[in-house]
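Here are some notes to read alongside the model. Keep the picture open and turn it as you go through the points.

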Amino acid sequence: MRILVVSICSLALVSVAVGAQKQEKKSQPKKQAQTAQHATHATGHPAGGGGAGAKKMTTAPSGGQKPKTGQTSTAAYHGQQGKKSQASTATYHAQKAKAAQTSNAAYQAQKAKKNQTLNQAQIGKAARGGEVTRKGKTTQATTATATGKTAKGKTAQVKPVKPQHFNLAKQPNTAKAPRVNFQQGRRITGSQNWQGQQYTVFRNYKSQWHDQNWWRGHYRNNITFVFGAPYYWNAGYWFPAWGYNPNAYYAWDGPIYAYNRLPPDQVIANVQSALQQQGYYRGEVDGLIGPLTRGAIADYQRDHGLYTTSTVDQPTLRSLGMT
């Protein structure tokens with residue numbers, strides 16, 4: 001009886017063991033499948049190598065390219081923004097520099113114009129209401145004082161020049177100062193427009209021809225000779241005494257200011273020397289008022305607001321500091 005019971009129990013244990021093994025075998029495939037599915041979801045790759053798995057693997061590169069496209073777009077955007085910023089900055093600086101340059105040019109132009117106006121106001125002025133002829137063009141002359149004195153400024157600052165005595169040639173150089181011919185009743189061109197008492201002698205001058213007796217009878221001791229030609233003194237000026245010596249040589253037919261009562265050639269030599277020092281006259285100090293000397297005087301007169309008489313007059317000598 002014991003043996004029967006033991007046998008039955010043994011059989012029961014064996015049956016239970018066999019059933020447990022079968023049940024374990026059935027559950028293993030399910031666990032493996034679940035494990036594979038979890039692995040696929042976690043990594044994005046299937047466990048197997050079939051067609052479905054291959055399709056899923058091809059999506060991996062496309063997913064990797066997306067960040068690269070985004071990076072490229074971002075870099076291009078920032079590059080464009082940088083270029084725009086640089087272009088805008090360069091344009092701003094260029095406009096600023098141009099504006100500064102324009103402003104500086106306008107300032108310099110205004111400053112130059114102001115200085116020119118001041119210089120014109122300071123330079124020796126011409127007599128009232130007249131006009132000055134400058135290089136063939138007529139311009140309005142500046143107003144001078146009633147006494148003929150030049151305005152304060154450039155001419156007022158010139159140091160006084162003491163008269164000198166020059167050793168001049170006894171014979172004139174007619175090549176540099178050609179002889180002028182007598183013209184009865186000739187007047188100084190343009191003198192009718194020269195206003196002021198100091199220019200009266202030019203407005204009233206007209207050449208005249210008389211013999212020696214006539215000149216001596218009218219001017220007696222007020223006659224001097226320069227290069228053999230007689231000049232007479234009147235109203236503070238020397239004039240050619242046409243006809244006193246019919247063959248006399250004159251380089252200029254008109255008044256010459258009698259500076260310190262020096263003879264005409266010494267007056268002219270002193271003016272030539274003064275103009276040399278200021279760079280207007282580049283010829284020889286010869287005491288002849290030839291074309292080169294008259295041109296230098298005219299240039300000086302134009303630059304200093306004086307009437308262009310082209311000869312030695314009182315306003316010019318005053319401007320040079322010689323009176």
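1. Two strands pair if DSSP finds at least two bridges between them. Helices (H or I, at least four residues) and strands (E, at least two) are DSSP runs, numbered from the N terminus. With that in hand, look at Ile-223, whose bridge partner in β4 is Tyr-232. Val-226 likewise has a bridge partner in β4, namely Ala-229. Altogether, β3 and β4 pair in the antiparallel sense over four bridges.

2. A word on the source before going further. This is a predicted model, in which local features need pLDDT of at least 70 and side-chain atom pairs count only at pLDDT 80 or more, while totals for chains, interfaces and linings use all residues. Residues are numbered from 1 along each chain as its sequence is written, and side-chain values use heavy atoms, with hydrogens and water left out.

3. Now step back to the whole sheet. In what order do the four strands of the open sheet stand? The order is β3-β4-β5-β6, with antiparallel pairing. β3 and β6 are at the edges with a single partner strand each, so one side of each has no neighbour in the sheet. Helix α4 packs on this sheet and touches β3 and β4, where contact means heavy atoms within 4.5 Å. The direction of α4 makes about 30° with that of β4; axes are lines fitted to C-alpha atoms, for helices over the stretch in contact, and angles run from 0 to 180 degrees between N-to-C directions.

4. Next, follow β5. β5 pairs with β4 in the antiparallel sense over four bridges; Asn-234 has Tyr-237 as its bridge partner, and Tyr-231 stands opposite Pro-240. On the β6 side, the antiparallel pairing runs over two bridges, with Tyr-237 opposite Tyr-257. In a regular strand the side chains alternate between the two faces of the sheet. Are the faces of β5 covered or open? Both are covered: Tyr-237 and Phe-239 on one side, and Trp-238 and Pro-240 on the other, are all buried. Buried means under 20% relative accessible area, exposed over 50%, and partly exposed in between (1.4 Å probe, protein chains only).

5. On to the inside. A nonpolar core is a set of buried Ala, Val, Leu, Ile, Met, Phe, Trp, Tyr and Cys residues joined through side-chain atoms within 4.5 Å. The largest one here has 47 residues, of which Ile-256, Val-271, Leu-275 and Val-312 touch the most other members. Among the elements that supply at least two residues each are α3 (200-204), β4 (229-234) and α6 (291-303). α5 gives the most, with five residues. If you select Val-271 and leave aside its neighbours within four places in sequence, you will find it in contact with Ile-297, Val-312, Leu-317, Leu-320 and Met-322.

6. How many salt bridges does a search of the whole structure find? There are three, a salt bridge being a side-chain nitrogen of Lys or Arg within 4 Å of a carboxyl oxygen of Asp or Glu. Lys-176 pairs with Glu-284, the closest N and O atoms being 3.3 Å apart. This pair links distant parts of the chain, 108 residues apart: Lys-176 is in the loop between β2 and α3, and Glu-284 in the loop between α5 and α6. Lys-176 is partly exposed at 45% relative accessibility, and Glu-284 is partly exposed at 44%.

7. The second salt bridge joins Arg-186 and Asp-253, with closest N and O atoms 3.8 Å apart. Arg-186 is partly exposed, at 21% relative accessible area, whereas Asp-253 is buried at 3%.

8. Asp-299 and Arg-302 also meet in a salt bridge (2.5 Å, N to O). These two are three residues apart in helix α6, so about one helical turn separates them. Asp-299 is partly exposed at 33%, while Arg-302 is buried at 16%.
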